[in-house]
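Hi everyone, thanks for coming. Please have a look at the structure I'm putting up now, and then I'll talk you through it.

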Amino acid sequence: MAERSFAKEVEHLRLGEGEEFKGEAILAITKGLLQSGVSYVGGYQGSPISHLMDVLSDAQDILGELGVNYQSSASEATAAAMLSASVMYPLRGAVAWKSTVGTNVASDALANLSSGGVTGGAMVIIGEDYGEGSSIMQERTHAFAMKSQMWLLDPRPDHTRIVDLIEKGFELSEASNTPVMLEVRVRTCHMHGSFIAKDNVRPAFTLDDALENPRRDLDRIVLPPAAYEHEQEKIHKRLPAAIKFITDHKLNDFMGPEEGKVGIVLQGGMFNNVIRALQYLGLSDAYGNTQLPLYVMNVTYPVIDSELAEFARGKDAVLMVEEGQPEYLEQALSAVLHRAGIDTRIHGKDVLPIGGDYSVEALLSGFEAFLEQEDPHALGNRPPRPDARPVLAQPAVENLKSVVPARPPGLCTGCPERPIFAAMKMVNQELGEHHVSADIGCHLFSILPPFNLGATTMGFGLGAASASAFSKSSGKRSIAMMGDGGFWHNGLTSGIGNAVYNKHDGVFVIIDNFYSSATGGQDILSSRAHNKTRNTGNPIDKAVRGIGAKWVRSVDRTYDVGQMKRVLTEALTTKEEGPKIIIASSECMLNKQRRVRPIESKAIKDGKRVIKQRFGVDEDVCTGDHACIRLSGCPSLSVKYLDDPLRDDPVAAIDNTCVGCGNCGEVSEAAVLCPSFYRADIINNPTWWDRFKHRASMALIGMLQARRDKRRIQVEFA
Amino acid sequence: MMRDETVKLRLEAAGEATERPISLAIVAMGGQGGGVLTGWIVQLAENAGWVAQSTSVPGVAQRTGATIYYVEMMRASEGKRPILAQMPTPGDVDVVLASEFVEVGRSILRGIVTPEHTTLIASSHRTLAISEKIAPGESIADSAAIDEAIGVTAKHSIIFDMNALAVANGSVISSAMFGALAACARLPFERSAYHDVIKAGGKGVAASIKAFDAAFDRATNGADVQPQDAPAKPQAAAPQMSGSHAVRALLDRIEDELPPEARKLARAGLAKVIDFQDLDYGREYLDEVDAILRVDQKAGGINHGFALTAQAAKYIANAMAYDDVVRVADLKTRSARRGRIGDEIGLREGQLFGTTEYMHPRMDEVAGLLPAGLADWLANRPRLYGWLDRRISKGRRVRTYSPGWFIALYVVGGLRWLRRSSLRHREETAHRREWLALASELASRDYELGVEVVRCQRLIKGYSDTHTRGLSKFAMVTDEIRRIAERDDAADWARRLRETAIKEGEGGDLEGLIKTIRSFA
């Protein structure tokens, strides 16, 4: 069960010819695929593509009706390999993933796919996770498109254009026998907009048709001599075909006046911000009526030399707006103009930032610099442009820099991974610091305060692999972390298998929280939940033993901090050889709450006996040392001031978002911190026996308390 | 800006064509429902036939990190849809909605709150950032600095605790913020239009509308309400001793003997130590404070507002009311406690509750309670001591309100009579004497330094290891203070030593500071 349900939204996917679709771009993309008559869809979740996968899995009925085979692939490599169905058969297929990380994983299959070429349209939806809010290294997918010669579409952030390019993209792919990438950036994926829908299309040629009449053609397989032929084909057949299709169908837009002293060339994805920046300079209105000629590259690879030349010819200078680096397009532009003998001056990264978001602000400054040099008159009477610099320069604002604390992402309230890291921190206090190689996933937050664990992260599922160099230890052992998501993605073989085979002496912690949680709680092989369309419930324990691991310990309740500590300590100290594998399992609290809450509240409504737990702190017992928070960082565990002039420091306090996971109590007990924490067990709809017990003990307790209160010198606060 | 009629565009102004869209930025923390609010705003505009576009960058920020949502809205003109930007431009945002108070500060630093344009709608409540929480001692961001920045950046501002208001109305903060947005009237839509959007949402409509209306009224009547310094640092009321004549006698001693500056703290202190032990202990407390007062008078405390006595009144009470098992057991079994917990967990009619304490007593705590002689005897038999510790030292889940456990706690809580003769008491008293002796000695030479030494008691807090660490920090700091007592900037260094010691291990480096001091001493 995914974190976000699109059950309601997916109904929009049924919209027919002429109806208006309103919603998130991700949904529009899915609709575009259905309008293009895809036979199969696959992919791997990860921001900003997670919602696409969630939408698809919520839309399985609709997909079924259209005879579309949808898979949530084991990895991006699996998804890419899935496209091979379009090599021999006129089947349209699409896969999606987070890039560049996903493309890294997929690149082997992609290279083979694009070498042999495709018969049916093959499309990769690329969620370009670049700029603010990105969770990965800052790179461009562009290089992959060029190296394997796949066409790269970069549509204007406008639902109509995106959907149109999906449909055209499949045609382009078929016309040029080349797989196509459609790049959408983070903000575009989560952008709300609208477009006029078409009917969904059932694939004419089905997967069954293919299975019934299998085809093979040696020329499509990457083996000498075919492989050499493929390269020639790429150069002499596929590229020209693609260029023809792109120009014939006008996939790139020429906007604004034909003539002009200067012009701007831009990636389609930059369009909206470019228009806004021009608007601030008085060079466009809000509806895109621009005063400067624009050449909008909705296709950023291949570059259409003729179009570039035509646009640049007769202009004094052109500016290339290309987000990210290296500046492949700017280089291509200069090569094109140079060859064509056009002496139009080229600007780009000389006036625009080399890396980072091309925000309106960045473009605005770049355009000003460009026009200052090439066409000052265009700046007219220089209307005041938005500028926060004077405001930011004010002392009161300057001062904020030191006041406003950073707010890094962290583990959710009640996260089952928290006690694991708390235990690790305690073990480090006893056995000394260890080298910890981290992995991708929620558990990566262990590198942030308050835990500050984890030295490297080398890629999804590679936590264990990245400890390989430390396989022989004479003293301290290395610790490697991995989530269940990464484990099934590749960690089983790249990490555990490798460790078993090479007799790695280190400790491997596999965190099993029943879902692919960081990406939004999608199910995976070892998920405990029943999933009617997938095979779940395959234990990690069996997998690692199956691959030859001997020392395997399973902790089936991570909140048992004492147990976690003992197992970790044993793993770090045991004489046994080979990898020490710890599987720490507890359900992701975010998903658990979503699953359990409705059931509980119904049970309570129905008058059933339900015990709910939450934690609290006795404020007069807490001394305000905050050691408990340094071992927890739970959002619901905070601090508050007391109404007591004798107290200097705020004391710990737990707010009502507490889900009663027990971590704080377990930690303060295991670390021998203090007796401030208590757990309250709240009995809803108590039985008569509960009430009887309660009344009896409270009678006794009340009596004793009254006795002591009488003797105590009362202190009243006026 | 584009609105500015003086701007001569090279294209003929096609009516609204030269206008900017209305832009709104929502700065929030992941999981705060910023997405819901964004969706409502978009719906609001679309219902009115406007074109609206929203963007967000969830990514990992959705896991409690700071994040931002951005909405632009504008009318279409002759079927031409406006081109809307995907991120806020510093200096050109019409409305900023902040669902937490330091997030206001963050948005100001982004430059999206500016005097020409921005209406700021913010909740004054604080959700502390991890760095504010993990710091030993005190490290909470200064809300006043944010107020000040708002004053010079926002064109209009609507600020109050929208979270509390929402919760009070059984809803969540997004409904309250939506109400405040309607009230600020920056968007050209009727109040009823907002209601329609919420109703169309389906879930928890009644509560959302209630919170919306409450926020709307709050915003229209009391706009520009400055936030209380949240979390509020309350001022303590003076404790009034009631009951026995003897108590009043002690209270009178405070009024008669102590300077006004010290009385408030002395009253609170007296209350604390009596509550901790008994009346005699209260007398002992006042004697200690008196002793310091005499030093204070000799040292010319009159010119220092008797800071020495006032601080002594505070810290002597804390030192005398040390945290031992008796006190913990007593606090856990008090009658008032159950009521307080009931309020905290929001106990409802028909619910019952019990509590479980997470305790981990060690032999040290037990020994601390034994008569000093016996404790010494045990301490000299390490094997026996260790054997006992192995029996005692383990995590115990204490079900407070089960008869058996309650009686056990109740009995321990009643062991006050053992205290004065106990090992722990001997240690605490010795520590107190030494500490106050040093303070008195130094105060008579360097008043400020004396006060700083008194304040060093703050370093001692917590239980078991935490407490032991506190003692060693205290020792390190006071030893160093002794060493540098002759310097004329000694008081200043003493303060730094103490503050570093508080943060020791979490950014503070006491040994490093001591090295520095010695390097030029």
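Residues are numbered from 1 along each chain as its sequence is written, chains are lettered from A and ligands numbered from 1 in the order in which they are written, and side-chain values use heavy atoms, with hydrogens and water left out.

The model scores ipTM 0.93 and pTM 0.91. Chain B has an average pLDDT of 89, and 91% of the residues reach at least 70; pLDDT is the predictor's confidence in each residue, from 0 to 100. In chain B, residues 1-17 stay under 50. Residues 223-237 of chain B are also below 50. Where pLDDT is low, the predicted coordinates should not be read in detail.

Now, how do chain B and chain A meet? In total, 156 residues of chain B contact 136 residues of chain A, a contact being heavy atoms within 4.5 Å. The buried area between them is about 12700 Å², and carbon and sulfur atoms give 57% of that. Buried area here is the accessible area (1.4 Å probe) that two parts lose on being put together, summed over both.

What about charges? The rule finds 15 salt bridges across this interface, each a side-chain nitrogen of Lys or Arg within 4 Å of a carboxyl oxygen of Asp or Glu.

On chain B's side, strand β8 (residues 352-359) gives the largest share of the residues touching chain A, namely 8. Strands are DSSP runs (E, at least two residues), helices are runs of H or I with at least four, and both are numbered from the N terminus. Strand β24 of chain A (residues 677-684) runs antiparallel to β8(B), joined by 6 bridges; strands pair if DSSP finds at least two bridges between them. Within this pairing, A:Arg679 stands opposite B:Thr356.

Finally, the backbone. Most residues other than glycine have a negative phi, and most peptide bonds are trans. Yet the bond from A:Ser99 to A:Thr100 is cis, with omega near 10 degrees. A:Tyr301 and A:Pro302 are also joined by a cis peptide bond, with omega about 5 degrees. A:Gln149, in the loop between α7 (142-148) and β6 (151-153) of chain A, has a positive phi of about 50 degrees.

Notes. Predicted model: local features only at pLDDT ≥ 70, side-chain atom pairs only at ≥ 80, totals over all residues.
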